[in-house]
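The report below takes up a predicted model and goes through its chains, their packing and their backbone geometry. Please keep the sequence and the coordinates in view while reading.

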Amino acid sequence: MRLKSSLENYIFVLPAVLIFVIFYVIPFIWVFQLGLYEWDGILPTKVFVGLDNFKEILTDKIWWQSMWQAGYITLIALTLQNAVAFLLAWACDREIKLKNFYRVIFFIPPVLSEVVVGLVWQWILDGNYGLLNHWLVHLGLPNLARNWLSDPNTALTTVAIVHSWKGFGWGFLIFLAGLQTIPRELYEASRVDGANAWHAFKNVTIPLMIPVAVLVAILTILGTMQAFVLIIAMTGGGPAYHTQVPVLRILASMRGSSRFGYACAQGISFGVILMAISFIQYRFSKHARQT
Amino acid sequence: MIHLFLLSVAITCIFPLVWMVSSSLKTQETIFRDTSLIPKSFHFENYYLAWMEGGFGRNFLNSIFYTTSVVIGIIIVSSLAAYAFSRLRFPGSNLLFFMFMAAMMIPIPGSFVPLYVLLNKLHLRNTALGYILCMINVGLSTSIFLLKTFFDKMPKELEDAARIDGCSKLGIWWHVALPLAKPVLAVVVIFNALNVWNEYVLALIIFDSKPLMPLQVALTTFQGEFITRYPLLMAGLTITALPIILVYLLMQKYIVKGVTQGAVVG
């Protein structure tokens with residue numbers, strides 16, 4: 001009777017477990033196996049090369065360049081994007097009247113696909129016919145007009161800003177939810193104690209928002225380091241590797257140079273780096289919560 | 001001051017979309033010269049051309065089909081599992097649940113490489129079924145988590161009553177648990193629907209043939225082939241963005257709920 005009941009209960013989880021094992025667990029194991037082979041993905045024969053793929057990564061200049069570039073985009077997202085998100089949330093938390101209206105509007109970019117966002121901005125930023133350059137010329141600033149996405153000096157920063165435009169809505173919603181959990185009495189109390197708005201902000205808002213800020217930072221880092229579809233739609237990684245990022249390199253190793261083993265090795269290395277970052281952040285957030 | 005700041009950011013959020021729609025109504029000749037926001041004449045035929053000639057009609061229907069199939073699949077598979085993890089006893093249930101949760105935490109960038117190999121072996125590459133199964137797996141862990149959290153808090157009295165009335169376990173899941181879970185199911189539906197509609201990279205590696213592609217991949221393919229046909233591209237982008245914006249505006253309270261809940265998860 002017990003046994004029959006247990007078997008019956010397994011039926012509930014069976015579909016989920018089957019799909020999960022086939023499409024998550026098996027590929028997960030294969031990444032580690034394939035990383036040790038040189039294989040074009042088509043021929044039945046794979047050549048075992050041990051850790052050669054990983055050694056090659058160490059000296060792969062474009063791989064490390066793409067890593068730094070993803071880091072640069074992440075840095076802009078962490079500072080510019082999250083500062084804007086926080087300021088907007090703070091402003092909305094005080095201003096009650098149109099709060100819902102702004103909340104709806106600010107989350108429109110995050111619900112759009114990266115392809116749509118990328119292609120629309122690419123059109124606006126087009127060097128010859130783009131609206132931005134047109135406006136700059138009309139405002140009497142023709143010197144500022146340039147090929148935003150094909151000039152190596154501006155391409156990466158432009159991509160990073162569009163990425164921030166698309167992403168700030170997430171931080172905004174989480175910050176706003178956090179701000180709304182702060183009891184109003186705390187502000188009242190600090191006003192009674194004679195503190196001005198700035199003091200209340202410094203002594204009440206900031207300390208209570210640190211855990212939320214750490215959470216937003218973790219989500220921003222993990223999300224931004226792995227972002228690449230927006231870049232495919234805007235620049236395709238160019239000009240001359242200037243907007244390449246790690247996941248784009250993995251895709252290129254697989255589809256461009258048909259090196260499945262190397263692509264898997266790149267995926268593992270990058271995954272380990274991401275895990276390390278989130279672990280450090282997790283420890284840091286625990287520390288911040290205790291103090 | 002604060003109002004000005006909020007308003008100016010709000011305008012930058014909306015403006016690119018307005019410009020997209022405006023560009024989609026211009027002609028191949030006027031689009032490069034006419035920089036007015038409201039075009040002198042409205043060329044709605046671009047939408048017809050994008051739908052028929054550009055092939056976006058087919059891709060639109062594909063996207064609708066993939067999104068509904070995946071969402072229905074996720075709802076059934078994940079609610080069954082979440083209900084079992086919450087209410088039923090069987091050996092190994094904790095371990096299995098932990099496995100799903102671990103998958104949420106561990107990032108595997110480039111997991112599309114072994115998935116491509118796997119689908120090739122199963123002869124599921126370049127098929128709708130292969131894509132749908134992959135996407136069900138993508139949404140599984142978070143959906144199970146959200147649903148289990150809900151079932152854990154749900155009072156047991158109704159299920160007990162149904163059991164006394166002779167309802168089977170599957171019957172209780174279908175007649176009692178699922179109807180009660182409607183608010184959280186709405187969150188699961190909306191987030192997975194957005195996710196599938198906007199998904200790009202799996203569709204890119206799985207589909208070779210254009211008639212099977214969803215909109216997102218078809219758009220980049222179109223842009224690669226007809227680099228200067230901006231009015232049609234903009235019409236295609238509008239066709240892609242519009243359903244998402246409408247769904248979002250209708251369901252936005254569930255989205256806010258989902259984001260704040262999801263934030264607590266992390």
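Is B:Asn126 buried, exposed or partly exposed, and how many other C-beta atoms lie within 10 Å? B:Asn126 is partly exposed, because 15 other C-beta atoms lie within 10 Å, where a residue counts as buried if 20 or more other C-beta atoms lie within 10 Å of its own, as exposed if 12 or fewer do, and as partly exposed in between, with C-beta atoms placed from the backbone.

## Basis of the model

This is a predicted model, in which local features need pLDDT of at least 70 and side-chain atom pairs count only at pLDDT 80 or more, while totals for chains, interfaces and linings use all residues. Residues are numbered from 1 along each chain as its sequence is written, and chains are lettered from A and ligands numbered from 1 in the order in which they are written.

## Chain B as a whole

The secondary structure of chain B consists of 12 helices and 0 strands, helices (H or I, at least four residues) and strands (E, at least two) being DSSP runs numbered from the N terminus. Along the sequence the pattern accordingly reads α-α-α-α-α-α-α-α-α-α-α-α. Taken along the principal axes, the C-alpha atoms of chain B fill a box of roughly 70 × 55 × 35 Å.

Of the 266 residues of chain B, 44% count as buried. Among the contacts in chain B with a separation of 6 or more, 75% are accounted for by residues 24 or more positions apart, two residues being in contact if their C-beta atoms, placed from the backbone, lie within 7 Å.

## The contact between the chains

Chain B gives 66 residues to the contact and chain A gives 70 residues. On the side of chain B that touches chain A, at least two residues each are supplied by several helices, among them H1 (2-24), H3 (56-87), H6 (128-153) and H12 (230-265) of chain B. The largest share of this side, 14 residues, comes from H12(B).

By class, the side of chain B that touches chain A has 50 nonpolar, 14 polar and 2 charged residues; here Ala, Val, Leu, Ile, Met, Phe, Trp, Tyr, Cys and Pro count as nonpolar, Asp, Glu, Lys and Arg as charged, and the others, Gly among them, as polar.

Leaving aside neighbours within four places in sequence, B:Met135 is in contact with B:Tyr66, B:Val70, B:Val196, B:Glu199 and B:Leu202.

B:Ile136 is found in helix H6 of chain B and counts as buried, because it has 27 C-beta neighbours inside 10 Å. With neighbours within four places in sequence again left aside, B:Ile136 is in contact with A:Ile19 as well as with B:Val70, B:Gly73, B:Ile74 and B:Val77.

## Helix pairs

H3(B) and H6(B) pack at an angle of about 40°, with their axes 7 Å apart; axes are lines fitted to C-alpha atoms, for helices over the stretch in contact, and angles run from 0 to 180 degrees between N-to-C directions. The two helices are therefore oblique to each other, since angles under 35 degrees count as roughly parallel, over 145 as roughly antiparallel, 65 to 115 as roughly perpendicular and the rest as oblique. H3(B) passes H6(B) in a right-handed crossing, a crossing being left-handed if the near helix is turned anticlockwise from the far one by less than a right angle, and right-handed if clockwise. By class, their contact has 16 nonpolar, 7 polar and 3 charged residues.

In chain A, the axes of helix H3 (residues 61-94) and helix H10 (residues 197-225) come within 9 Å and cross at roughly 145°, and the crossing of H3(A) and H10(A) is right-handed. Their contact has 8 nonpolar, 5 polar and no charged residues by class.

## Backbone features in loops

Most residues other than glycine have a negative phi, and most peptide bonds are trans. B:Asn126, in the loop between H5 and H6 of chain B, has a positive phi of about 60° although it is not a glycine. A:Ser258, in the loop between H12 and helix H13 (260-290) of chain A, has a positive phi near 50°, and A:Ser258 is partly exposed, with 14 other C-beta atoms within 10 Å.

The peptide bond from A:Gly238 to A:Pro239 is cis, with omega near -5°, and A:Pro239 has its place in the loop between helix H11 (229-234) and helix H12 (246-256) of chain A.
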